[in-house]
Amino acid sequence: MTEAREDQLVLTDETLNTHFAEAYRALRANITFSSIDHPVKTILVTSAAPREGKTTTVINLGIIMAQAGTRVLIVDADFRRPSLHHIFGFLPNGKKTLPGLSNLIVGNSRLEDVRLPSGFARVSLVPAGIAPPNPNELISSQRMKNVIADLAEDADFVLIDSPPCLLYSDAYLLAPLADGVLYVVRAGGQDKSAQRRVQRQLQQAKARMLGVVFNEAEVEETAGSYSYYYANGRKR
């Protein structure tokens, strides 16, 4: 199987029974229970700054969701610095990019042309594709809205990775297109005022906030770290 690899902690077959994996199962359960009255299929995952763990969260949550028997489509909507195809080991021969989401939006590719196997059962990947000259224009188009709707028809869950909010406005444009938004915060050393400002702006963009993933919280019982899930400011 294709091996996911990166300088970040991604679940593998060997770590699916650890406390680290269990934290993502708790996250999956909280999303399920919080969306009983308002079903969630498309989830945008974002953060304020780079390296807070949003891409890791997208991948690990997708793997854990698929463990429950659901079909998951992981979508790289970070046209600024796409990374998912590298993490999953897809390095095109002699090329810098693979066709993906941007190609779907402009209409020169079909889903079957750009969807890649992740190496995990029931998890597929749509890379970012050719970098557009103006990502904001592409994201805010009607075509983008249509593509997200089409992807939701093809999977039980669509998890969308996006650029960090403090650097680009892309996530604010993507938020209303998703059924819900997960906001990732890395433990320690973060600018709390900036975090609050970003969360307010997401709400102003009419994002449905599913909760906050508190990432890299040290736990004494394990050698690693994992995520806690908060909904409406309360730990679950």
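I count a residue as buried under 20% relative accessible area, exposed over 50% and partly exposed in between, using a 1.4 Å probe and protein chains only. By that rule, 50% of the 236 residues of the protein are buried.

**Entry 1. The model**

I am working on a predicted model, where local features need pLDDT of at least 70 and side-chain atom pairs count only at pLDDT 80 or more, while totals for chains, interfaces and linings use all residues. Residues are numbered from 1 along each chain as its sequence is written, and side-chain values use heavy atoms, with hydrogens and water left out.

I looked up the secondary structure, taking helices (H or I, at least four residues) and strands (E, at least two) as DSSP runs numbered from the N terminus. The protein has 9 helices and 9 strands. I then looked up contacts, meaning heavy atoms within 4.5 Å. Among contacts between residues at least 6 apart in sequence, 78% join residues at least 24 apart.

**Entry 2. Helix α1**

I searched for aromatic pairs: rings of Phe, Tyr and Trp (its six-membered ring) with centres within 6.5 Å, stacked if the planes are under 30 degrees apart, edge-to-face if over 60 and tilted for the rest. The count is 1 aromatic pair. Phenylalanine 20 and tyrosine 24 form this edge-to-face pair, at 5.5 Å centre to centre with 80° between the planes. Both residues lie in helix α1 (residues 19-34), 4 residues apart, about one turn of the helix. Phenylalanine 20 and tyrosine 24 are both buried.

Glutamate 22 and arginine 25 form one, at 3.3 Å from N to O. These two residues of α1 are 3 residues apart, again about one turn of the helix. Residues three or four places apart point the same way because an α-helix has 3.6 residues a turn. Glutamate 22 is partly exposed at 44% relative accessible area, whereas arginine 25 counts as buried at 17%.

**Entry 3. Other salt bridges**

I searched the whole structure and found 7 salt bridges. In one of them, aspartate 156 meets arginine 71, with the closest N and O atoms 3.6 Å apart. Aspartate 156 lies in the loop between α7 (142-154) and β5 (157-161) and arginine 71 in the loop between α2 and β2 (72-76), so the pair ties together parts that are 85 residues apart in sequence. Aspartate 156 is partly exposed at 28%, and arginine 71 is partly exposed at 40%.

I looked next at aspartate 113, which forms a salt bridge with arginine 110 at 3.4 Å between the closest N and O atoms. Arg110, Glu112 and Asp113 are linked in a network of salt bridges. Arginine 110 is exposed at 52%, and aspartate 113 is partly exposed at 42%.

**Entry 4. Glutamate 52 and helix α2**

I found glutamate 52 in the loop between β1 (42-47) and α2.

The side chain of glutamate 52 reaches the backbone nitrogen of arginine 186 at 2.9 Å. A polar atom of the glutamate 52 side chain also lies 3.0 Å from the backbone nitrogen of alanine 49.

I checked α2 itself (residues 54-67): its end C-alpha atoms are 20 Å apart, which agrees with the 20 Å that its 14 residues should span at 1.5 Å a residue. The expected span is 1.5 Å times one less than the number of residues. In α2, 13 of the 14 residues are buried. Glycine 69 follows α2 and has a positive phi, near 95°.

**Entry 5. Asparagine 103**

I placed asparagine 103 in helix α4 (residues 101-106). Asparagine 103 counts as buried at 8% relative accessibility. A polar atom of its side chain lies 2.8 Å from the backbone nitrogen of glycine 100.

Conventions: Polar contact = N/O pair within 3.5 Å; in protein donor to acceptor, adjacent residues only side chain to side chain. Salt bridge = Lys/Arg side-chain N within 4 Å of Asp/Glu carboxyl O.
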